[in-house]
Amino acid sequence: VEAISVQLGNRKMNEPVKCNLRIRNHSSDNRTIVGISKSCSCVIPDGVVHKLVPQKGEIDIAVTIKPKKAGKFHHRILFYLDSPQQYVAAADLFAQFEEK
């Protein structure tokens, strides 16, 4: 299972940014997201826990970013997946936020 990183480019600080993170499952087993961990409260995932990632398939996870300050933005979201061994997929978000 892999999570695809997202480059958002230059953005203004005046409004939240919505984007999708893609999670791809290369295995022949379905996987379910059982938990998440974020490096910042400014990244808000929407309805992530208990989402099914189908075998040999992919899903999009909607997130909203509400930056706290201008400047370079890099945050990571960890997706914990059910499996016989604990499995984690990491997605990185990159952007540059400018003053209004």
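## Exercise 1: The whole chain

Start with charge: the protein chain carries 15 positive and 10 negative side chains, and the centres of the two sets are 5 Å apart. Here Lys and Arg count as positive and Asp and Glu as negative, while His and the chain ends are left out; each charge is placed at NZ of Lys, CZ of Arg, CG of Asp or CD of Glu.

Before you go on, note that this is a predicted model, where local features need pLDDT of at least 70, side-chain atom pairs count only at pLDDT 80 or more, and totals for chains, interfaces and linings use all residues. Residues are numbered from 1 along each chain as its sequence is written, and side-chain values use heavy atoms, with hydrogens and water left out.

**Task.** Describe the elements, the span and the burial of the protein chain.

**Solution.** 
- Step 1: List the elements. The chain has zero helices and nine strands, taking DSSP runs numbered from the N terminus (helices: H or I, at least four residues; strands: E, at least two).
- Step 2: Get the dimensions. The C-alpha trace spans about 45 × 20 × 20 Å along its principal axes.
- Step 3: Check burial. Of the 100 residues, 38% are buried (under 20% relative accessible area; exposed is over 50%, partly exposed in between, with a 1.4 Å probe and protein chains only).

## Exercise 2: Thr 64 and its surroundings

**Task.** Is Thr 64 buried or exposed, and what does Thr 64 touch?

**Solution.** 
- Step 1: Locate the residue. Thr 64 belongs to strand S7, which runs antiparallel to S5 and is joined to S5 by three bridges.
- Step 2: Find the residue across from it. Ile 44 stands opposite Thr 64.
- Step 3: Check burial. Thr 64 counts as buried because its relative accessibility is 15%.
- Step 4: List contacts (heavy atoms within 4.5 Å). Leaving out residues up to four places away in sequence, Thr 64 touches Pro 16, Val 17, Lys 18, Cys 42, Val 43 and Ile 44.

## Exercise 3: An aromatic pair

**Task.** How do the rings of Phe 73 and Phe 97 sit relative to each other?

**Solution.** 
- Step 1: Know the rule. Rings of Phe, Tyr and Trp (its six-membered ring) pair if their centres lie within 6.5 Å; planes under 30 degrees apart are stacked, over 60 edge-to-face, and the rest tilted.
- Step 2: Count. That rule gives one aromatic pair.
- Step 3: Classify. Phe 73 and Phe 97 are edge-to-face, at 5.4 Å centre to centre with 80° between the planes.
- Step 4: Phe 73 is in strand S8 (residues 71–81) and Phe 97 in strand S9 (residues 87–98), so the pair ties together parts 24 residues apart in sequence.
- Step 5: Check burial. Phe 73 is buried at 7% relative accessibility, and Phe 97 is buried at 1%.

Methods
Pairing = 2+ DSSP bridges.
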